[in-house]
Amino acid sequence: EIMKESKRIEESSLYSAKGHFAAAHTWANFHLIIGVPIVVLAAIAGSSFISNNNVIAGVLSLIVAVLSAVMTFLNPNERSSSHLNAGNSYDALQNEVRIFRTIDCWREDSEQILTERLKNYSNQKGKLNQGSPQIPWWAYQIAKRGIKAGEGSFEVDKDESSMKISDQIPKKEKISFQDKPTNVEETQMEN
């Protein structure tokens, strides 16, 4: 059950990280798409006012005011930053849980120690869920499509995915008594 639960946390963290990254990317683009025209239109409005084109200056000033209000209200730069930070936090958790599942669980720690560590990862995920902004539905859908297309997997995992975990653990060589020299003289004679 420890392995199953760690896989659940890992998968959930993957979807959350990718969803937050998709939202961060979209909000950053929105910031540029609205921000650059505000700057350009404000410059044109200013030059129109100087050259006594009051109607053009007035219309452009009104457009700049509306776009600025939209930018202030939506605050895409802050949204992008908070989603990016959340995505990085979920990504770090996913990496920690993956290392726990693929390496730490195979050490000789007791089941009680592994269970406590798993509970800590679960609590960490819960805190991330509470402190992170909600992933918009459209960002989750983008993330889901990307993950299904293979964006969340590593090349090394594709090669080893068909192997059983027990096959990946190195085996100790067994030396039979027939292979061991019985005394030093026999070894020297063979050399």
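**Packing, rings and charges**

Mentor: Leu114 touches Ile2, Phe100, Asp104, Cys105 and Asp109, leaving aside residues up to four places away in sequence; contact means heavy atoms within 4.5 Å. This is a predicted model, so local features need pLDDT of at least 70 and side-chain atom pairs count only at pLDDT 80 or more, while totals for chains, interfaces and linings use all residues. Residues are numbered from 1 along each chain as its sequence is written, and side-chain values use heavy atoms, with hydrogens and water left out.

Trainee: How many residues are in the largest nonpolar core?

Mentor: The largest nonpolar core has 12 residues, including Ile2, Leu93, Phe100, Leu114 and Tyr121. Such a core is a set of buried Ala, Val, Leu, Ile, Met, Phe, Trp, Tyr and Cys residues joined through side-chain atoms within 4.5 Å. Buried means under 20% relative accessible area, exposed over 50%, and partly exposed in between (1.4 Å probe, protein chains only).

Trainee: Which helices each supply at least two residues of this core?

Mentor: Helices H1 (2-50), H3 (76-102) and H4 (111-131) do. Helices here are DSSP runs (H or I, at least four residues), numbered from the N terminus.

Trainee: Switching to rings: how many aromatic pairs does a search of the whole structure find?

Mentor: The search finds 3. Rings of Phe, Tyr and Trp (its six-membered ring) pair if their centres lie within 6.5 Å; planes under 30 degrees apart count as stacked, over 60 as edge-to-face and the rest as tilted. Trp27 and Phe30 form an edge-to-face pair, 5.7 Å centre to centre with 85° between the planes. Both lie in helix H1, 3 residues apart.

Trainee: Trp27, buried or exposed?

Mentor: Trp27 is buried at 13% relative accessible area, whereas Phe30 is partly exposed at 25%.

Trainee: Why is the Phe100 and Tyr121 pair edge-to-face?

Mentor: Because their planes are at 65°, with the ring centres 5.4 Å apart. Phe100 is in helix H3 and Tyr121 in helix H4, 21 residues apart.

Trainee: Now charges. How many salt bridges are there?

Mentor: The count comes to 5, taking a side-chain nitrogen of Lys or Arg within 4 Å of a carboxyl oxygen of Asp or Glu. One of them joins Arg101 and Glu10 at 2.8 Å, N to O. That pair links helix H3 to helix H1, 91 residues apart.

Trainee: Arg101, buried or exposed?

Mentor: Arg101 is buried, at 15%, and Glu10 is buried too, at 10%.
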